[in-house]
Amino acid sequence: MPVKPRKKQALTVDAAALDIASVDWNSLETKFQELNGLLNAPSYGLNASLARQKQKQQVEQAIETLLEMAQAESRRLLVEGDAQAAVEGGLRTLKLKEAYYGTGSLQLVPSYFHLARTNQYLDKFKQAEEFLSLAQWTILRHPECDVALKAELHQTFGLLYASDGKLDIALKQLAQATYYLTLLNGPNHILTSFGYFDLGNVFAAKSNMDSAMAYYEKVKDIWFTHLEKVVVKATQKKRRQIDHGEDDDEEVVEHSNPASFGEENLQDGLKMIRGIVGLQTERFGLVHPSTGRAELILALYHRWIGDVTHAEESIERALEIHKRVYGAQHQHTVKVKQFMMDLGYEIPTNTATSLLTSPYGQQPQKEQEEVLQPVGETTILKEERKAAEEQQKERELQQKQQQEQPATSQEQQQLVAGVPPLADEAEEAATAQQAEEPPTEQPADAAAEQPPKEAAQEVPPSEEAAADEVQVEEVPEGKEAAE
């Protein structure tokens with residue numbers, strides 16, 4: 001029986017040639033050239049066309065993964081503070097991307113963003129702006145560009161201008177970035193909260209603290225809503241399932257698993273919430289409603305990412321602040337206690353010392369002594385009592401002034417108010433006074449000696465005074481006595 005010839009299988013690329021796990025910066029270009037040469041390598045045997053297509057897909061995937069690894073390594077160098085190495089790695093990665101994707105491709109935009117941030121870190125603002133201009137030009141040439149890239153472009157522009165002190169331009173860019181983040185995720189999404197936080201920081205740099213705190217409160221609202229769902233309610237659901245076997249059909253929350261949020265976003269989120277706690281502690285003090293709520297959100301965030309120790313420390317500070325602000329039996333304080341029980345923490349009898357270990361600055365000695373004192377009158381009650389006392393003092397002062405004020409005539413009131421009397425009133429008063437006075441008789445000789453009124457007006461003042469003096473000297477003493 002004749003033996004049929006075996007069909008030749010198509011030859012494909014060796015798996016070892018596609019291995020990129022051991023590639024470092026020294027072998028990056030060599031490995032890239034090797035993989036790039038395999039893109040158009042011939043395939044032989046049966047179904048060579050299909051084998052060539054599959055081989056090309058495998059090589060393209062290996063090259064793209066290699067470039068993404070190089071980009072990620074460049075970002076890691078920047079995060080660790082090695083900016084010079086991050087610049088060198090970013091430039092090498094950009095060169096390889098241009099060779100693979102072509103000049104003007106959208107795949108180059110992340111490299112432009114990285115190099116802009118790196119130059120900003122080095123205070124080379126002009127070079128950073130040049131890379132962002134390249135990214136902007138590339139995005140404008142592709143109308144189909146993703147909204148996420150547009151949001152990142154304006155956000156990077158805004159942070160660059162804020163670092164360079166151009167705060168008004170920074171606000172416009174960051175507002176545009178927040179707009180795109182809202183289109184992409186919604187106004188109350190945790191990713192959109194980064195835009196609100198950046199706007200708050202710029203307002204704080206402009207010394208507009210009211211607007212800054214308003215944006216920080218918006219960030220806190222977004223994160224509290226998210227963390228309450230993914231931490232507290234998720235823990236309650238698991239407990240119900242264990243105790244009673246219940247399986248509630250609850251809504252699926254996006255990013256309930258912190259790993260889906262991304263490592264960089266997790267780090268940025270932690271820095272953001274810590275920053276808000278520090279800024280509000282500095283502005284309002286440690287014992288304040290805003291500070292207490294920020295500490296509670298920080299505790300839930302720590303618990304979400306698995307940091308149980310720091311979560312317990314923050315929630316104890318939040319509990320003590322709530323007790324001092326609202327009172328031990330207030331609904332807000334009771335809610336914090338319920339959170340602690342749901343998360344498996346024991347409620348300590350004394351949490352006053354937790355405020356002394358706050359990482360947001362050492363408290364003065366006087367405040368430390370006050371912290372160690374037991375909770376008495378809460379902050380809200382103190383403020384209400386002080387406001388009532390000030391109002392009572394003001395009313396008493398007004399009553400005292402009204403009693404001491406005498407009844408004055410219209411002229412006296414004008415003098416008290418600093419208003420001079422009117423000229424007409426003065427003339428009327430003088431006329432009335434002259435009418436009441438009796439006419440005085442003048443001696444005939446004196447009347448004869450007085451010159452006519454018209455003649456007196458013609459004499460200059462100096463000559464008239466001299467004439468008067470002469471007349472007084474010419475009157476004899478005996479005649480004056482007889483008269």
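**Entry 1. Charged contacts.** I began with a group of charged side chains: Glu73, Arg76 and Glu80 are linked in a network of salt bridges. I noted at the outset that this is a predicted model. I then took the count for the structure, which comes to 15 salt bridges. As background, side chains of opposite charge can pair when their charged atoms come close.

I looked up three further pairs in turn.

Arg92 and Glu29 form a salt bridge in which the closest N and O atoms are 2.8 Å apart. Arg92 belongs to helix α3 and Glu29 to helix α1 (residues 28–37), so this pair ties together parts 63 residues apart in sequence. I checked the accessibility of both partners. Arg92 has a relative accessibility of 28% and therefore counts as partly exposed; Glu29, at 29%, is partly exposed.

Lys220 pairs with Glu217, and here the closest N and O atoms are 3.0 Å apart. Both residues lie in helix α9, three residues apart, about one turn of the helix. Lys220 counts as buried because its relative accessibility is 3%, whereas Glu217, at 24%, counts as partly exposed.

Glu228 and Lys335 meet through their side chains in a salt bridge of 3.9 Å, N to O. Glu228 is in helix α9 and Lys335 in helix α13 (residues 331–342), so the pair ties together parts 107 residues apart in sequence. With a relative accessible area of 18%, Glu228 is buried, the cut-off being under 20%. Lys335 has 38% relative accessibility and counts as partly exposed.

Entry 2. I found 13 aromatic pairs in the structure. One of them, Phe157 with Tyr161, is stacked, with 5.8 Å centre to centre and 15 degrees between the planes. The two residues are four apart in helix α6 (residues 147–163), and are therefore separated by about one helical turn. Both Phe157 and Tyr161 are buried.

I then examined Trp223 and Phe261. Their ring centres are 5.9 Å apart and their planes lie at 85 degrees, so the pair is edge-to-face. This pair links distant parts of the chain, 38 residues apart: Trp223 is in helix α9 (residues 209–244) and Phe261 in the loop between α9 and α10 (263–284). I noted that both Trp223 and Phe261 are buried.

**Entry 3. Helix α3.** I returned to the helix that holds Arg92 and checked its length. Helix α3 (residues 83–101) has 19 residues, which at 1.5 Å a residue should span 27 Å; its end C-alpha atoms are 26 Å apart, which agrees. I listed the buried residues of α3 as Ala83, Ala86, Val87, Gly89, Gly90, Thr93, Leu94, Leu96, Lys97 and Tyr100. After α3 comes Gly102, whose phi is positive, near 100 degrees.

Conventions. Residues are numbered from 1 along each chain as its sequence is written. This is a predicted model: local features need pLDDT of at least 70, side-chain atom pairs count only at pLDDT 80 or more; totals for chains, interfaces and linings use all residues. Side-chain values use heavy atoms; hydrogens and water are left out. The expected span of a helix is 1.5 Å times one less than its number of residues. Buried means under 20% relative accessible area, exposed over 50%, partly exposed in between (1.4 Å probe, protein chains only). Rings of Phe, Tyr and Trp (its six-membered ring) pair if their centres lie within 6.5 Å; planes under 30 degrees apart count as stacked, over 60 as edge-to-face and the rest as tilted. A salt bridge is a side-chain nitrogen of Lys or Arg within 4 Å of a carboxyl oxygen of Asp or Glu.
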